[in-house]
Amino acid sequence: MAINPSPSAQIALAAQARRVYVDALARGVPELCAAVRDGAQRLLDLPAEYPVQVARRDGVARWLKQAPAWQSGLNHGLRQAALFGVAQPGSPAGSNASNSGSQPGQVLGLVDDNTIEREILASRLSLAMMDGASWEFTDLRSRISVLEQREELSATDLMRPQVLAGIVLSAWELAGLTHSDWNMLAGVLHDEFSHLVSQAYHDTNGWLLGQGVLPETDLRPFIRRSRGLVSSNPSRFDGSEGSGFSGFDSLPSGSSVRSGPGTGGGGRGDPVAPISGHGVADETRLMTRAASFGQTPTGASLISERGAEVLSRLN
């Protein structure tokens, strides 16, 4: 990482990256509103029953009227969150904890239906954002975590999609728009916010790359080995998850298991087939072809025991 190694310089660089992120979001909001307006107009052209058409007409009219207020409120919410942060959910109710007889630090209370519905809408929006921006978010999270010397972003970090989704829904409600209006336009809203957040992550990653922060992000810890895959080297079986068999470390040099009938070649380097799951015949064929490995008592006993175990599970 070709940057100033001092902790204060890294913290300042992370703060500047957050400003780049917020600026990218703010720049894209007008285009997003225009796309939602076009989607709302297209919605009116779709065929539907008369009550649905009336509800759409009223919802679109309300959106067109309140869209400027929502856009302004969204930009204001982003700036406020960037300057002062986002409050931890449930913290305002802490003053009532002593009056309810609960233990210190324990917040109890009833949640109204509107709040629950709002959280559901925010959760769906954050998932839609991550659908198109997961890789960019992973890279950005890694770079910010390195700069701020922390293992993970804060739960109230504005860079988290769920935090941004909460700000979006708050501005929506403050503008006088309803949850029914949101559900009516949810399709285009999800698509446009996914594009907006992906672009903001991309711009911020590009800026950090220009500062020399993690030019090659190591994603190997996030790669998971698929089940059913076995080693391409037939002379090595470590018995790990995903292997077809185990205990073949003592196989003679030059032997191999073929992937099935009609496979040409053979010898070292042929791929080893995983258990196909087509029944006892496949298992028996594999066991028969592997029988040549049992040149020693140890190899033969291991093959016999493993074959009996597999056939017992199938039966």
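E173 and R118 form a salt bridge, with their closest N and O atoms 3.6 Å apart; the term means a side-chain nitrogen of Lys or Arg within 4 Å of a carboxyl oxygen of Asp or Glu. E173 sits in helix 4 (residues 161-174) and R118 in helix 3, so the pair ties together parts 55 residues apart in sequence; helices here are DSSP runs (H or I, at least four residues), numbered from the N terminus.

This is a predicted model, where local features need pLDDT of at least 70 and side-chain atom pairs count only at pLDDT 80 or more, while totals for chains, interfaces and linings use all residues. Residues are numbered from 1 along each chain as its sequence is written, and side-chain values use heavy atoms, leaving out hydrogens and water.

**Around R118**
- R118 also pairs with E119 in a salt bridge, the closest N and O atoms being 3.3 Å apart.
- R118 counts as buried at 17% relative accessibility, while E119 is partly exposed at 43% (buried is under 20% relative accessible area, exposed over 50%, partly exposed in between, with a 1.4 Å probe and protein chains only).

**Other salt bridges**
- The whole structure has 11 salt bridges.
- D181 and R62 meet in one of 2.7 Å, N to O.
- D181 lies in helix 5 (residues 179-184) and R62 in helix 2, so this pair links parts 119 residues apart in sequence.
- D181 is buried, at 2% relative accessibility, whereas R62 is partly exposed at 32%.
- A network of salt bridges links R18, E148, R150 and D157.

Terms used. Helix = DSSP H or I, 4+ residues; strand = E, 2+ residues; numbered from the N terminus.
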